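The sequence and structure are shown first, and the discussion follows.

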Amino acid sequence: MSATAGQAQSERGLADRLGFKPGQVVQEFGFDDDVDEQLRASITERTGEELVDEDYDGVVDSALLWWRSDEEDDLTDVLVDVLAAVEGGGIILVLTPKAGREGHVPPTDVAEAATTAGLSQTSPVSSGGDWSGTRLVVPKMQR
């Protein structure tokens with residue numbers, strides 16, 4: 001197996017481990033030229049659906065939020081807006097630049113914003129060389 005094929009298989013495994021399932025509609029927020037294209041491709045491959053952008057006005061199954069420290073908006077407010085688009089039980093994956101990278105956001109900031117927005121943090125995720133992910137869900141008692 002080539003290194004590229006092995007890497008693609010590993011990335012598909014990541015999308016699967018993150019909880020993405022075939023047929024899901026995943027909305028992406030905060031897209032820019034620095035995002036992890038391999039992660040995006042693995043989610044598209046796993047779901048069989050193209051990612052939809054911030055302007056999509058339908059209900060979605062899950063969301064990706066690329067968040068950097070230099071964002072002008074408040075993370076809590078953005079999470080509340082993202083949550084409004086995600087169907088009950090769906091995940092929100094908050095992706096932030098890893099420590100030492102431009103735009104790094106401390107995990108405590110994400111955890112605090114998630115709690116304030118009414119979300120529970122389930123697990124941290126390493127999602128590539130430059131990004132760390134935090135998997136958020138609506139607590140079961142609130143669904």
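## Salt bridges

In this predicted model, a search of the whole structure identifies 6 salt bridges. One of them joins Arg46 to Asp16, with 2.8 Å between the closest N and O atoms. This pair connects distant parts of the chain, since Arg46 belongs to helix α2 (residues 37-47) and Asp16 to helix α1 (residues 3-17), 30 residues apart. Arg46 has a relative accessible area of 28% and is therefore classed as partly exposed, the class that lies between under 20% and over 50%. Asp16 is likewise partly exposed, because its relative accessibility is 40%.

A further salt bridge is formed by the side chains of Arg40 and Glu28, at 2.7 Å from N to O. Here too the pair links distant parts of the chain: Arg40 is in helix α2 and Glu28 in strand β1 (residues 26-29), with a separation of 12 residues. Both Arg40 and Glu28 are buried. These residues also take part in a network of salt bridges that links Glu28, Glu37 and Arg40.

The side chains of Glu71 and Arg68 meet in another salt bridge, with an N to O distance of 3.2 Å. How does the accessibility class of Glu71 stand, buried or partly exposed? Glu71 is partly exposed, because its relative accessible area is 28%. Arg68, in contrast, counts as buried, because its relative accessibility is 8%. In general, side chains of opposite charge can pair when their charged atoms come close.

Asp70 is located in the loop between β2 (62-66) and α3 (75-85). Its relative accessible area is 55%, so Asp70 is classed as exposed.

## Overall architecture

The secondary structure of the protein chain comprises 4 helices and 5 strands. Along the sequence, these elements follow the pattern α-β-α-β-α-β-α-β-β. The chain has 143 residues, of which 43% count as buried.

## Aromatic pair

The structure contains 1 aromatic pair. Trp66 and Trp131 form this pair in an edge-to-face arrangement, with 4.8 Å from centre to centre and 75° between the planes. The edge-to-face label applies because the angle of 75° falls in the range of over 60 degrees.

The pair links distant parts of the chain: Trp66 lies in strand β2 and Trp131 in strand β5 (residues 131-137), 65 residues apart. Both Trp66 and Trp131 are buried.

## Contacts between separated segments

Several C-alpha distances relate positions that are separated along the chain. Val26, in strand β1, has a relative accessibility of 2% and so counts as buried. The C-alpha atoms of Val26 and Ala63 are separated by 5.2 Å, although the two residues are 37 residues apart along the chain. Ile92 lies in strand β3 (residues 92-97) and counts as buried, because its relative accessibility is 1%. Between Ile92 and Gln27, which are 65 residues apart along the chain, the C-alpha separation is 9.4 Å.

Gly90 occupies the loop between α3 and β3. At 10% relative accessibility, Gly90 is under the 20% limit and therefore counts as buried. Leu83, in helix α3, is partly exposed, because its relative accessible area is 23%. The C-alpha atoms of Leu83 and Ser62 are 9.1 Å apart, and the residues are 21 residues apart along the chain.

Definitions and conventions
Residues are numbered from 1 along each chain as its sequence is written. This is a predicted model: local features need pLDDT of at least 70, side-chain atom pairs count only at pLDDT 80 or more; totals for chains, interfaces and linings use all residues. Side-chain values use heavy atoms; hydrogens and water are left out. Helices (H or I, at least four residues) and strands (E, at least two) are DSSP runs, numbered from the N terminus. Buried means under 20% relative accessible area, exposed over 50%, partly exposed in between (1.4 Å probe, protein chains only). Rings of Phe, Tyr and Trp (its six-membered ring) pair if their centres lie within 6.5 Å; planes under 30 degrees apart count as stacked, over 60 as edge-to-face and the rest as tilted. A salt bridge is a side-chain nitrogen of Lys or Arg within 4 Å of a carboxyl oxygen of Asp or Glu.
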